[in-house]
Amino acid sequence: MDFEKVRSVIAETLTCDVEAAADSARLVEDLGADSLMLVELAMAIEEATGVTVEDEALPTLKTVGDIKAYWEAHSQQA
């Protein structure tokens with residue numbers, strides 16, 4: 001699976017265009033996520049890809065690029 005699938009999950013969960021979910025897009029400031037949406041996003045990524053987003057990692061995931069780096073680092077283990 002490539003990251004474009006994850007990008008689609010981000011766009012669907014945060015109800016934004018896929019184009020808006022660029023690597024530099026900030027989840028809260030640019031895409032309008034709140035803390036509940038971030039938890040929902042973590043669950044959606046896990047369901048779609050099998051990659052578990054640890055609770056303690058959530059506060060460190062500030063941009064789509066952060067999610068991409070986390071997913072790439074952990075997708076080999078899923």
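Modeller: Here is a walk around that cavity and the parts beside it. Keep in mind that this is a predicted model, where local features need pLDDT of at least 70, side-chain atom pairs count only at pLDDT 80 or more, and totals for chains, interfaces and linings use all residues. Residues are numbered from 1 along each chain as its sequence is written, and side-chain values use heavy atoms, with hydrogens and water left out.

A cavity here is a set of points on a 1 Å grid over the protein atoms alone where a 1.4 Å probe fits but cannot get out, and lining residues have an atom within 4 Å of a point. Points are joined across faces, edges and corners, and the volume is the space filled by probe spheres set on them. The count comes to 1 cavity of 30 Å³ or more, and the largest cavity holds about 90 Å³. To your question: the lining is made up of Leu27, Leu38, Leu41, Ala42, Ile45, Val51, Val53, Leu58, Leu61, Ile67, Tyr70 and Trp71. Two or more lining residues come from each of α2 (35-49) and α3 (64-75), with α2 giving the most, 4 residues. (Helices are DSSP runs of H or I, at least four residues, numbered from the N terminus.) The lining divides into 12 nonpolar, no polar and no charged residues; nonpolar covers Ala, Val, Leu, Ile, Met, Phe, Trp, Tyr, Cys and Pro, charged covers Asp, Glu, Lys and Arg, and the others, Gly among them, are polar.

Now zoom in on Ala42, which sits in helix α2. Ala42 is buried at 8% relative accessibility (buried is under 20% relative accessible area, exposed over 50%, partly exposed in between, with a 1.4 Å probe and protein chains only). Leaving aside neighbours within four places in sequence, Ala42 is in contact with Val53 and Leu58, contact being heavy atoms within 4.5 Å.

Trp71, another lining residue, is buried too, at 7%. There is 1 aromatic pair, by a rule that takes rings of Phe, Tyr and Trp (its six-membered ring) with centres within 6.5 Å, and calls planes under 30 degrees apart stacked, over 60 edge-to-face and the rest tilted. Phe3 and Trp71 have ring centres 5.9 Å apart and planes at 55°, so the pair is tilted. Phe3 belongs to helix α1 (residues 3-13) and Trp71 to helix α3, so the pair ties together parts that are 68 residues apart in sequence. Phe3 is buried as well, with a relative accessible area of 6%.

Methods: 1 Å grid on protein atoms, 1.4 Å probe; cavity = no way out; pocket = protein on both sides within 12 Å on 5 of 7 lines; lining within 4 Å.
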